[in-house]
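This briefing concerns one protein chain, whose sequence and structure are shown below.

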Amino acid sequence: MITGIESGAENRRRFRELGMTDGETVECVLRGRGISAYLIKGTLIALRSSDAAQVSTCLPHTEDCGEEGGSAEWL
């Protein structure tokens, strides 16, 4: 689950347009050299590692993230 985006205004806007908003579920389906593919709202989106590193996530329904989710990690 997405918990935040640590980026400039332009990238935050782009991420929002891709459906990457706080609380949204995201699944990594493929990792490659410098790029990964994520399933977000039924759409497969490829992100460079440098862009993915700007998105923080946590595991839903785990203690570290309260009712919302688990410990924060980066995509």
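**Briefing on the predicted model**

S50 counts as partly exposed, at 47% relative accessibility; the classes are buried (under 20% relative accessible area), exposed (over 50%) and partly exposed (in between), with a 1.4 Å probe and protein chains only. S50 has its place in helix α2, and its C-alpha is 8.5 Å from that of I35, a residue 15 positions away in sequence. The model is predicted: local features need pLDDT of at least 70 and side-chain atom pairs count only at pLDDT 80 or more, whereas totals for chains, interfaces and linings use all residues. Residues are numbered from 1 along each chain as its sequence is written, and side-chain values use heavy atoms, with hydrogens and water left out.

**Confidence**

- The average pLDDT (the predictor's confidence in each residue, from 0 to 100) of the protein chain is 83, and 80% of the residues score at least 70.
- Over residues 66-72, pLDDT stays under 50; the model has 25 contacts beyond four places in sequence for this stretch, a contact being heavy atoms within 4.5 Å.
- Where pLDDT is low, the predicted coordinates should not be read in detail.

**Overall fold**

- The protein chain contains 2 helices and 6 strands, in the order β-α-β-β-β-α-β-β along the sequence. These elements are DSSP runs numbered from the N terminus: helices are H or I with at least four residues, and strands are E with at least two.
- Of the 75 residues in the protein chain, 35% are buried.
- Among contacts with a separation of 6 or more, 31% are between residues 24 or more positions apart.

**Strand pairing and hairpins**

- Strands β2 and β3 pair in the antiparallel sense over 5 bridges, where pairing requires that DSSP find at least two bridges between two strands. E27 stands opposite L39 in β3.
- The hairpin of β2 and β3 has 3 residues between the strands, and G34 takes a positive phi near 80 degrees there.
- Strands β3 and β4 also pair in the antiparallel sense, over 6 bridges, and I40 stands opposite T43 in β4.
- The hairpin of β3 and β4 has 2 residues between the strands. K41, in the loop between β3 and β4, has a positive phi of about 50 degrees although it is not a glycine.
- S36, found in strand β3, is buried at 7% relative accessibility. Not counting residues up to four places away in sequence, S36 touches C28, L30, R31, I45, A46 and L47.

**Salt bridges**

- The whole structure holds 5 salt bridges, each defined as a side-chain nitrogen of Lys or Arg within 4 Å of a carboxyl oxygen of Asp or Glu. Side chains of opposite charge can pair when their charged atoms come close.
- E10 forms a salt bridge with R13, with the closest N and O atoms 2.3 Å apart. Both residues lie in helix α1 (residues 9-17), separated by 3 residues, about one turn of the helix. R13 is partly exposed, with a relative accessible area of 32%.
- D51 forms a salt bridge with R14, with a closest N and O approach of 3.3 Å. This pair links distant parts of the chain, with D51 in helix α2 (residues 49-52) and R14 in helix α1, 37 residues apart. D51 is buried at 7% relative accessible area, whereas R14 is partly exposed at 29%.
- E24 and K41 meet through their side chains in a salt bridge (3.9 Å, N to O). E24 lies in the loop between α1 and β2 (26-31) and K41 in the loop between β3 (35-40) and β4 (43-48), so the pair ties together parts that are 17 residues apart in sequence. K41 is exposed, with a relative accessible area of 55%.

**Nonpolar surface patch**

- V29, L30, L39 and L44 form a nonpolar patch on the surface, with about 360 Å² of accessible area together. Patches are made of residues with over 30% relative accessible area and no salt bridge; like charges are joined within 9 Å, and nonpolar side chains (Val, Leu, Ile, Met, Phe, Trp, Tyr) within 5 Å.
- L30 has its place in strand β2 and counts as exposed at 56% relative accessibility.

Technical notes: Accessible areas come from the Shrake-Rupley method with a 1.4 Å probe; for residues, only the protein chains shown count as cover.
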